[in-house]
Protein chains: 2
Amino acid sequence: MTTYSIDVTLSQTKKEKPQSDQLQFGKVFTDHMFIMDYTEGQGWHDARIVPYQPITLDPASMIFHYGQSVFEGLKAYVTKKEQVLLFRPDENFKRLNKSNDRLCIPHVDENLALEALKQLIKIDREWIPTAEGTSLYIRPFVIATEPYLGVAPSDRYQFIIILSPVGSYYKEGIAPVKIAVESEFVRAVAGGTGTAKTGGNYASSLKAQQLSDSKGYSQVLWLDGVERKYIEEVGSMNIFFKIDGEVVTPSVNGSILEGITRKSIIELLKHWDMPVTERRISMEEIKQAYSEGKLEEAFGTGTAAVISPIGELFWNNEKMVINDGNTGEVSQKLYDTLTGIQNGTVEDPFGWAVEVE
Amino acid sequence: MTTYSIDVTLSQTKKEKPQSDQLQFGKVFTDHMFIMDYTEGQGWHDARIVPYQPITLDPASMIFHYGQSVFEGLKAYVTKKEQVLLFRPDENFKRLNKSNDRLCIPHVDENLALEALKQLIKIDREWIPTAEGTSLYIRPFVIATEPYLGVAPSDRYQFIIILSPVGSYYKEGIAPVKIAVESEFVRAVAGGTGTAKTGGNYASSLKAQQLSDSKGYSQVLWLDGVERKYIEEVGSMNIFFKIDGEVVTPSVNGSILEGITRKSIIELLKHWDMPVTERRISMEEIKQAYSEGKLEEAFGTGTAAVISPIGELFWNNEKMVINDGNTGEVSQKLYDTLTGIQNGTVEDPFGWAVEVE
């Protein structure tokens, strides 16, 4: 096993940790962060853990102008036996490099990144909250830092990992949400950056989200940008439906994000011998299934919520209430199993949970 | 006329200015910059001109994660009579706010922005290069600065203007370039952010640009993301063709950028009583016109190059050489007139040139 040289500078002071029941999402950060620099010709260098601190950049740095950036999101949990677990972190760093490819950013050494993450978590271990449903959210990201206004790949980057203790996504148990199908705005199209985890995809989603908020819906369901017929994602999550006993999800088509929770759910359903299919799904089909009483469940999937059941879908001035607005049986079972594997209370036959240390 | 309160702190030291003949694009910046902050509830505040300096931001700042940003680009010129001229700056700040709308960023006061720009230019006036073809490139931009990892519009922003003396785009006179039609990657699609000047559009263009570079083409020609048939833009410029005596350009369709140079060219051609039409243009039509000997000229338009003639177009394994690879008559006339109005050597019947002071 390679040993990586990561320089460590510990913080002289420790910040106050928030109460478990006051945790929000992504607002409070731990005492340390990981940074590594890239310089053309030299490659990635100066891997270091330092006290959490501001980033200082020239105002001409490309990240401020041309959006050349990628990121990841994953979580760490403390088990009842005081183990620290990560959920499939190798998948996150593999995807980071796929995003890097699309954005013309040099690859990061995936093993070094995982090693750096583990060291960082060990240093800030006390920050991992232990209450039910809480976790340590991990945000690795890369930004283009060359001070140059030409439209070209940067010759300098920073790879950074920051950590944030986060509360339970569901304050009072898993709860279905209302979703509006988006007809005006488009998230991504094949040939664009939809499969990459890059800032621009999220910036472009804000407007539709803001408009749907104002109408009382918590997320939008994105349709494809070409025919405006086929289902892509919900908010910043992948989406699944249970129709007449079969679980279906949009196939990887060059515009949706290849979610790690999505992938895990497909593997889990197969493991359970439940029918699951990746294919193109039109809103027309969903409407038809609903009319025939065959639309049994719908849910979004992602790192933040794990499973987010959809209780109501609004499309073409019509409201579809799914499973009487309640969490479906399969949705609940997937949520319980995945969160159980993540926090070590459910057996993990897949080796998805990776122990830190 | 409203007077705006802009606090000024002058730099104690002055940087060395580059030689006129050594100027590149966007690599060197002047002694000062303009900054203004936005805080939810308080609006835009603390408008100030300060010495050019790094920006210091929390690593969780949204600009590093979700790409919520917009920018503009325009130029200042010194005339032979020592006047400083801006080209249609009101159009840039109007478009900045259109981009802000799309990206859920609060509007900037356009008059304040113009006033701030004028004050900044006056302070850094000595930085405006005077040699033929040189100018002062102006980059206003807005970035989301709230340290929060939730996907939502930021509650804090910075609006910044930086200035960079730039060399002539054409070192040895205006020269036609080779362009490859892009068949894999897509720049933008209606419902996305293509009409906004936001980082994500540029980040997404890097990959295609990198691949076309490696094949010896200087830019890509983007087709629409839906049918992959219709012409959108070239590189980060708008595009025009002269076919059988008529000038045509893709109409504003929800995915192309509404270029200020594009708009000026249309107005100029109309002023000259030359036929000009905004409409949908397919590559098939261009190929057909070429085969019939009717494709007379092609050129890109934008702030950096003003006019960039296209000498060769590569599509479907076929090479089309336009006007024998030379700059066309209309392209040259547009270039001479526009740059003449910009630097004060040609009469400006439109009032496009705005004097600073």
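Across the interface of chain B and chain A, the rule finds 0 salt bridges. Polar contacts do turn up there, with 21 residue pairs linking the two chains, both partners at pLDDT 80 or more. Please keep in mind that this is a predicted model.

**Extent of the interface**
- Chain A and chain B each bring residues to the contact: 59 from chain B and 59 from chain A.
- Together the two chains bury about 4,900 Å², and 67% of that area lies on carbon and sulfur atoms.

**What chain B contributes**
- On the side of chain B that touches chain A, the elements giving two or more residues are β4 (55–57), β5 (69–71), α1 (89–102), β8 (135–144) and α3 (199–214) of chain B.
- Of these, α3(B) gives the most, with 9 residues.
- Sorted by class, this side of chain B has 33 nonpolar, 17 polar and 9 charged residues.

**Strand pairing between the chains**
- Strand β4 of chain A, residues 55–57, pairs with β4(B) in the antiparallel sense over 3 bridges.
- Within this pairing, A:I55 stands opposite B:L57 of β4(B).

**How the copies are related**

Notes
Residues are numbered from 1 along each chain as its sequence is written. Chains are lettered from A and ligands numbered from 1 in the order in which they are written. This is a predicted model: local features need pLDDT of at least 70, side-chain atom pairs count only at pLDDT 80 or more; totals for chains, interfaces and linings use all residues. Side-chain values use heavy atoms; hydrogens and water are left out. Contact means heavy atoms within 4.5 Å. Buried area is the accessible area (1.4 Å probe) that two parts lose on being put together, summed over both. A salt bridge is a side-chain nitrogen of Lys or Arg within 4 Å of a carboxyl oxygen of Asp or Glu. A polar contact is a pair of N or O atoms within 3.5 Å; within protein, one must be able to donate a hydrogen and the other to accept it, and residues adjacent in sequence count only if both atoms are side-chain atoms. Helices (H or I, at least four residues) and strands (E, at least two) are DSSP runs, numbered from the N terminus. Ala, Val, Leu, Ile, Met, Phe, Trp, Tyr, Cys and Pro count as nonpolar, Asp, Glu, Lys and Arg as charged, and the others, Gly among them, as polar. Two strands pair if DSSP finds at least two bridges between them.
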